[in-house]
Amino acid sequence: MQNDYDVIIIGTGAGGGTLLHQLAPSGKRILVIERGAFLPRERENWDPNAVFRDGRYQAKERWYDKFDAPFTPYTHYWVGGNTKVYGAALLRMREFDFGEVRHHGGLSPAWPISYDDFEPYYTKAEHLYSVHGRRGSDPYEPPASAPYRHEPIPHEPRIQELFDDLTALGHRPFPIPIGVRLNESRVPHAPYKLSNFDGFPDLTEVKADSHVVAVQPALGHPNVTIMTECLVVQLVTSATGREVVGVEVDQNGARETYRAGIVVVACGAINSAALLLRSVDGRHPDGLANSSGLVGRNYMCHNNGLFIAVFDRPNPSQFQKTFGMTDFYRAADDSPLPLGTIQLMGKLDLDSLKSLAVEALPNTPVEEISARSVDFFLTAEDLPSPENRVTLRPDGSIKLTYTATNVEAYERLRAKLASVLDEADLRRGGRGGTYLHTKLGISGVSHQNGTLRFGRDPQTSVLDVNCKAHDLDNLYVVDGSFFPSSSAVNPSLTIMANALRVCDHLLTRLR
Ligand SMILES: Cc1cc2nc3c(=O)[nH]c(=O)nc-3n(C[C@H](O)[C@H](O)[C@H](O)COP(=O)(O)OP(=O)(O)OC[C@H]3O[C@@H](n4cnc5c(N)ncnc54)[C@H](O)[C@@H]3O)c2cc1C
């Protein structure tokens, strides 16, 4: 049978988009299939009401939790996937994250390959996504073979003040490595605005998302074809069951099948697992690539939370997301075990802030709270558990069975941040802060990973070290599904680096 394409890539987020960018110059016939459209550049991109209250860019889907209660997942289906709205904090996993690590909640397993295997690809990904940062400033940053190409974004005065106070107290805050195309925008010196960042699409295309950085340039290659607003519903296998021979697509209710020598799934950790579970046939009664029974299991999403510090001092910063702290990443003075990562984040919208402030600051107008608040994002590692998993309900909808792990690390991290911020504020003559907080619940799937873990043993992993399914000869996965453990840094740079690593393997195979 003649294949229509050499490679089909399904999904254009951090993984799929980056792979496409690297593969496109090969001249191989590539078909990209994406369920989302190109995200419109429109005024609403920066309108907090449209973005958060109305969920204008969020997927209009219902998933179900372990009690079969419906929820709307905080996920986004567009060319560029979730990177269209991400915060572009692009950190490397720490070197020791690749080994086994003991946590408050249990063991974080080792990866089958080492940090050294990833390092060249981290560097490549940082350059591709225009990461602005300062080497050597993050105390747990692993060794790197090249400097960042761009200086960090400067702190605004209030943030610089806090940075200086924390440093004076002996902490080691550092500039967050962040992917922004301040030097590469197509119109040099065009006005840009970073104030509405986390959760917002970027009208100016300064944010380095996978659509702007990776997909757009790849589409300039004549060998690349994209189909948008096309949902891949099933993968079809050969009579032996060893190859994917058809990718079945639903386009506005019409079904078509496409063929390629190699099929790469990059739908995001939850949707990729769902796609494989949906792809049932006589040879694969429990879903594709599932001889281990692990497809969909070991779902992780980090213990993530929003932590809003309200001081007496005003914070008029437009873009405050400029430093992070990893001092408690591996341990703390009162914890021999790891806690996690602290980062500033974009300003929380007023509606969300209001709901957080109801109890602690009931009589203060929300605008006033916002004028004095500094917003942080906390991340503690979430450990893999086979019981935390993606399954399909009888009607085909997604069920996410999840109980948070390692919550003690998260709670300790939160207490630590409150105490260091109190110290910093007292040092400046303040009274300490009022701290508003919420931990993300089941709908907070933005850091999803782990559902198709990679490894050397087909009985304990779904993918091999090249991210090829153990059970099939031509099926690869390059999104966040492959993580055997989640570390406590944001996932995207590792997903991008891995896509570049897998691409090198594919280029050799396709030669
Ligand atoms: C508000 C927000 C802020 C974030 N901030 C950061 C940050 O600062 N740093 C960081 O590292 N990470 C951040 N993240 C997380 C980051 O966006 C994800 O980790 C990353 O995008 C995951 O990449 P992926 O390739 O696994 O999946 P995605 O980026 O989700 O891409 C999957 C793609 O597959 C498509 N798709 C899904 N199913 C199908 C199907 N059946 N057929 C066809 N197409 C399909 C989707 O439409 C999507 O385009 C953030 C996420 C959010 C939501």
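Two residues are in contact if their C-beta atoms, placed from the backbone, lie within 7 Å. Helices (H or I, at least four residues) and strands (E, at least two) are DSSP runs, numbered from the N terminus. The model is predicted: local features need pLDDT of at least 70, side-chain atom pairs count only at pLDDT 80 or more, and totals for chains, interfaces and linings use all residues. Residue numbers start from 1 along each chain as its sequence is written.

**View 1. Helix α6 and its cover.**
Nine of the ten residues of α6 are buried, so this helix is largely enclosed by the rest of the structure. A residue is buried if 20 or more other C-beta atoms lie within 10 Å of its own, exposed if 12 or fewer, and partly exposed in between, with C-beta atoms placed from the backbone. The buried residues are A269, I270, N271, S272, A273, A274, L275, L276 and L277. Their cover includes β11, β14, β19 (389-392), β20 (398-401) and β22 (475-477).

**View 2. Helix α1 and its surroundings.**
Ten of the ten residues of α1 are buried, so α1 is largely enclosed by the rest of the structure. The buried residues are A14, G15, G16, G17, T18, L19, L20, H21, Q22 and L23. They pack against β1 (5-10), β2 (30-33), α3 (115-128), α5 (210-218), β14 (260-265) and α10.

**View 3. The crossing of α1 and α10.**
Helix α1 (residues 14-23) and helix α10 (residues 492-510) have axes that come within 8 Å and cross at roughly 40 degrees. That makes α1 oblique to α10. Axes are lines fitted to C-alpha atoms, for helices over the stretch in contact, and angles run from 0 to 180 degrees between N-to-C directions. Angles under 35 degrees count as roughly parallel, over 145 as roughly antiparallel, 65 to 115 as roughly perpendicular and the rest as oblique. On the α1 side the contact is made by A14, G15, T18, L19, Q22 and L23, and on the α10 side by S492, I495, M496, A499, L500, V502, C503 and L506. By class, this contact of α1 with α10 has ten nonpolar, four polar and no charged residues. Ala, Val, Leu, Ile, Met, Phe, Trp, Tyr, Cys and Pro count as nonpolar, Asp, Glu, Lys and Arg as charged, and the others, Gly among them, as polar.

**View 4. The shell around the ligand.**
Of the 41 residues around the ligand, G11, G13, G81, G87 and S492 come nearest. The elements that give two or more residues to this shell are α1, β11, α6 (269-278) and α10. A residue is near a molecule or strand if its C-beta atom, placed from the backbone, lies within 6 Å of it. By class, the shell has 19 nonpolar, 18 polar and four charged residues.

**View 5. V215 in helix α5.**
V215 is placed in helix α5 and counts as buried, with 28 C-beta neighbours inside 10 Å. V215 and H21 are 194 residues apart in sequence, yet their C-alpha atoms are 6.1 Å apart in space. Not counting residues up to four places away in sequence, V215 touches T12, G17, L20, V79, G80 and S210.

**View 6. The packing of α4 on α9.**
Helix α4 (residues 157-168) and helix α9 (residues 407-427) pack at an angle of about 105 degrees, with their axes 9 Å apart. That makes α4 roughly perpendicular to α9. L162, D165 and L166 of α4 make the contact with V420, A424 and R427 of α9. The contact residues divide into four nonpolar, no polar and two charged.

**View 7. G105 in a loop between strands.**
G105 is in the loop between β5 (101-103) and β6 (106-108). With 20 C-beta neighbours inside 10 Å, G105 counts as buried. Its contacts, not counting residues up to four places away in sequence, are L383, T405, N406, E408 and A409. The C-alpha atoms of G105 and D165, 60 residues apart along the chain, are separated by 32 Å.

**View 8. Two loop residues with positive phi.**
N252 has phi near 50 degrees, a positive value in a residue other than glycine. N252 lies in the loop between β12 and β13 (254-258) and is exposed, with 7 other C-beta atoms within 10 Å. For A289, also not a glycine, phi is positive, near 65 degrees. A289 lies in the loop between α6 and β15 (303-310) and is buried, with 27 other C-beta atoms within 10 Å.
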